Structures are given as structure tokens and as C-alpha cells.
Amino acid sequence: MERVLAPLGRRLADVTGRRALGAYFVLSVLDEDGPRPQAGQFYMLAAAERWGGGEDERPFLPRAFSVARAHADGTLDFMLEDVGPGTRRLAELRAGDGVWLLGPLGRPFAPPRDGRHPLLVGGGVGTAPLVILRDEMGPGAEVVLGFRDAPHAEGAALLPGATVATDDGSVGHHGLVTELIPLDQHLEVYACGPPPMLEAVRALCAEHGVPAQLALESGMACGFGACFGCVVPTRDGYVRLCVDGPVLDASSLEAVHD
Ligand SMILES: Cc1cc2nc3c(=O)[nH]c(=O)nc-3n(C[C@H](O)[C@H](O)[C@H](O)COP(=O)(O)OP(=O)(O)OC[C@H]3O[C@@H](n4cnc5c(N)ncnc54)[C@H](O)[C@@H]3O)c2cc1C
Ligand code: FES
């Protein structure tokens with residue numbers, strides 16, 4: 001499948017908005033001159049100021065984020081969770097601040113094979129790439145999402161009509177998102193979430209002969225194949241997740257590792 005390639009070099013873009021979404025936040029960046037990304041692709045982001053180089057500026061390397069939505073005017077939305085210094089710095093940005101971005105990077109999701117019905121399965125901030133995927137597929141694509149608790153479940157607002165599960169039962173089904181997967185032979189599963197969830201999805205789909213495409217994560221230093229920091233094991237050996245993924249066919253994996 002043809003994929004959209006990033007222009008060479010990072011470019012400076014303006015933050016146009018930042019809004020809270022329960023335990024997450026959505027950062028909007030105007031990338032007027034960049035190509036339109038495909039669902040499953042990601043960008044390396046770094047704040048233009050206070051991003052490394054001295055005391056209190058620890059972020060240093062850019063961080064990888066799935067594009068959650070691409071608007072017609074070139075605005076890109078990212079759904080972020082504050083988990084450390086890089087995401088915390090990005091959470092401080094406001095409209096008018098600058099962001100260095102590099103992308104779109106990586107291999108996107110592929111269309112469903114053999115006329116199968118897509119089922120989108122997300123866990124936590126893994127909801128992000130499913131938003132643009134459903135924008136591409138249309139409202140007919142069914143979505144099931146799992147979150148820790150009610151503040152995290154607010155992330156489901158980006159995918160109206162999604163069926164939600166929470167670990168603590170505070171919203172929707174009390175249990176795991178994998179319990180919401182109908183084992184229909186005509187499905188193709190598209191999943192993104194934490195490794196244990198992806199491994200459960202992979203194993204379930206393998207057991208029932210359902211094809212699946214998994215958007216994985218690994219630590220990424222460059223995002224374009226140079227550092228080999230992001231390698232993951234597949235049945236054919238190690239691959240660099242930034243150029244050969246982040247979307248991998250579940251059948252290529254023995255297991256999804258933490
Ligand atoms: C292709 C790709 C797409 C991603 N999309 C999103 C997204 O849409 N929204 C979002 O919030 N995050 C996303 N991430 C994860 C995001 O890149 C990391 O959370 C971020 O780099 C953390 O940086 P930090 O400095 O805030 O925290 P750090 O201090 O670097 O990390 C905080 C914690 O998260 C762990 N961690 C850091 N990076 C990763 C990683 N890549 N995979 C697993 N654990 C990690 C660390 O071990 C640590 O426990 C994505 C990662 C990849 C590779
Ligand atoms: S992030 Fe550097 S090779 Fe993949």
C-alpha cells in the first residue's frame with residue numbers, strides 16, 4: 001500500500017488550541033504545508049521552547065504521537081496523556097506557541113481485506129489513531145474502547161457512539177475491552193492500546209481466525225529508521241517499528257511484548 005511520506009526535516013508549526021478531555025488533552029497544531037496523514041501514522045513533536053539543553057529542560061528528544069484527526073485546513077489534532085516530562089511540557093502549550101513537528105511517519109492501517117467489517121478496538125490513549133481511522137472509514141465502523149476509570153473514559157467523546165468498558169465499572173461495561181469483541185468471522189480488527197491489551201486482542205483474534213492490524217508502541221528516538229531504538233521482534237526477525245510499523249499485521253507477531 002502507498003503511504004504518505006514526511007517532507008525532509010522538521011518544520012515549525014503553531015499551536016492553535018489545547019483542550020482538556022478528562023484525563024487527556026487534545027493539542028491542535030496548524031501544519032499548513034504538510035501532507036495529509038493517513039490513519040495510523042504518527043509525528044515526532046517537540047515544543048519550540050524549553051525542550052532540553054539545561055536545567056528544567058529535560059525533554060531533549062522529540063516524542064512520538066499518533067495523529068488523531070486531520071482537518072481540511074491542515075490542522076492536526078493529537079490526543080495526549082501526561083505521563084512524563086515531554087508530555088507535561090506539551091501540556092503547557094497554548095495557542096500561539098510553537099511546535100517542531102516531523103511527519104507523517106510510519107505505515108498506516110490498511111483497508112479491510114475481502115470485504116470484512118472493521119471493528120476498532122482501543123485502550124486508553126490508544127484511542128487516538130482510531131479517531132482518524134473512523135474519520136476515513138465513516139460512521140459505520142463499530143468502535144469498542146476500554147479505559148481505567150471515568151476521567152479516562154471521557155476520551156471516548158472523540159468517537160461518538162463507541163461502546164465503552166472501564167476497569168472500575170464507573171462507565172459502561174465493567175471489565176476488559178476484549179470482552180466487548182464480537183467473535184464474528186466477517187470482522188477485521190484494528191487495535192491500539194497498551195501491550196497487554198494488544199496481546200489479548202492478538203491471541204483472541206488468532207484463536208478465532210479473525211485478521212487484525214495492531215498499532216504498536218516502542219521507545220522512539222528518531223522516528224525515521226536511523227537509531228534502531230524502536231525494534232520489535234516479529235516472526236521474521238526484528239523490525240524497526242517507526243518505518244515498518246507502527247501498524248503491524250497481527251499474524252506477523254508471535255506475541256506483543258511489554
Ligand atoms: C508510534 C507512537 C504513537 C504514540 N502515540 C501517542 C499518542 O497518541 N498519545 C500519547 O499520549 N502518547 C503516544 N505515544 C507515547 C508517547 O510517545 C510517550 O508517552 C511519550 O514519549 C512519553 O514521553 P514523556 O517524556 O512524557 O515521558 P517519559 O518519561 O519518556 O515516559 C513516561 C513513562 O512512559 C513510558 N514510555 C515512554 N515512551 C513510551 C512508549 N513509546 N511506549 C511505551 N511506554 C513508553 C516510560 O517508560 C515511562 O514509564 C506514542 C508512541 C509511539 C511510539
Ligand atoms: S525510532 Fe529510530 S529507528 Fe525507529
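Visitor: In which helix does Thr87 lie?
Guide: Start with a caution: this is a predicted model. Now look for the helix that spans residues 85–91. Thr87 lies in that helix, and its name is α1.

Visitor: Does Thr87 count as buried or exposed?
Guide: The relative accessibility of Thr87 is 7%. The cut-off for buried is under 20%. The value of 7% falls under that cut-off, so Thr87 counts as buried.

Visitor: Which backbone nitrogen does the side chain of Thr87 reach at 2.8 Å?
Guide: Follow the side chain of Thr87 to two backbone nitrogens. A polar atom of that side chain lies 3.1 Å from the backbone nitrogen of Gly84. At 2.8 Å, the side chain reaches the backbone nitrogen of Val83.

Visitor: How many residues surround ligand 1?
Guide: Thr87 belongs to this group too. It is among the closest residues, along with Ala64, Met79, Gly86 and Glu217. The shell divides into ten nonpolar, six polar and four charged residues. The number of residues that surround ligand 1 is 20.

Visitor: Which element gives the largest share of the shell around ligand 1?
Guide: Three elements each supply at least two residues of the shell: β4 (63–66), β6 (75–80) and α1 (85–91). The largest share is four residues. Those four come from β4.

Visitor: How far is an oxygen atom of ligand 1 from a polar backbone atom of Gly86?
Guide: Several backbone atoms meet the ligand. A nitrogen atom of ligand 1 is 2.8 Å from a polar backbone atom of Met79. An oxygen atom of the ligand lies 3.0 Å from a backbone N or O atom of Glu81. For Gly86, the distance from a polar backbone atom to a ligand oxygen is 2.7 Å.

Visitor: What part of the area of ligand 1 does the protein bury?
Guide: Ligand 1 sits in the largest pocket. Taken alone, the ligand exposes 870 Å². Of that area, the protein buries 70%.

Visitor: Which residue does a cis peptide bond join to Gly103?
Guide: Most peptide bonds are trans. Here omega is about 5°, and the bond is cis.

Visitor: What is omega for the cis peptide bond from Gly245 to Pro246?
Guide: Find Pro246 in the loop between α5 (241–244) and β16 (247–249). The bond from Gly245 is cis. Its omega is near 10°.

Visitor: What is the phi of Arg50?
Guide: Most residues other than glycine have a negative phi. Arg50 is not a glycine, yet its phi is positive. Arg50 lies in the loop between β3 (42–47) and β4. Its phi is near 50°.

Visitor: Between which strands is the loop that holds Phe228?
Guide: Phe228 is not a glycine, but it has a positive phi of about 60°. Its loop runs between two strands, at 212–215 and 231–234. They are β13 and β14.

Visitor: How far apart in space are Leu183 and Cys205?
Guide: Leu183 is in the loop between β11 (173–174) and β12 (187–192). With a relative accessibility of 39%, Leu183 counts as partly exposed. In sequence, Leu183 and Cys205 are 22 residues apart. In space, C-alpha to C-alpha, they are apart by 8.1 Å.

Methods. Residues numbered from 1 in each chain as written. Chains lettered and ligands numbered in written order. Predicted model: local features only at pLDDT ≥ 70, side-chain atom pairs only at ≥ 80, totals over all residues. Heavy atoms only, no water. Near = heavy atom within 4 Å. Polar contact = N/O pair within 3.5 Å; in protein donor to acceptor, adjacent residues only side chain to side chain. Areas by Shrake-Rupley, 256 points an atom, 1.4 Å probe, with all protein chains shown as cover. 1 Å grid on protein atoms, 1.4 Å probe; cavity = no way out; pocket = protein on both sides within 12 Å on 5 of 7 lines; lining within 4 Å. Sits in = over half its atoms within 2 Å of the grid points. Nonpolar A, V, L, I, M, F, W, Y, C, P; charged D, E, K, R; others polar. Buried < 20%, exposed > 50% of the residue type's maximum accessible area, 1.4 Å probe, protein only.
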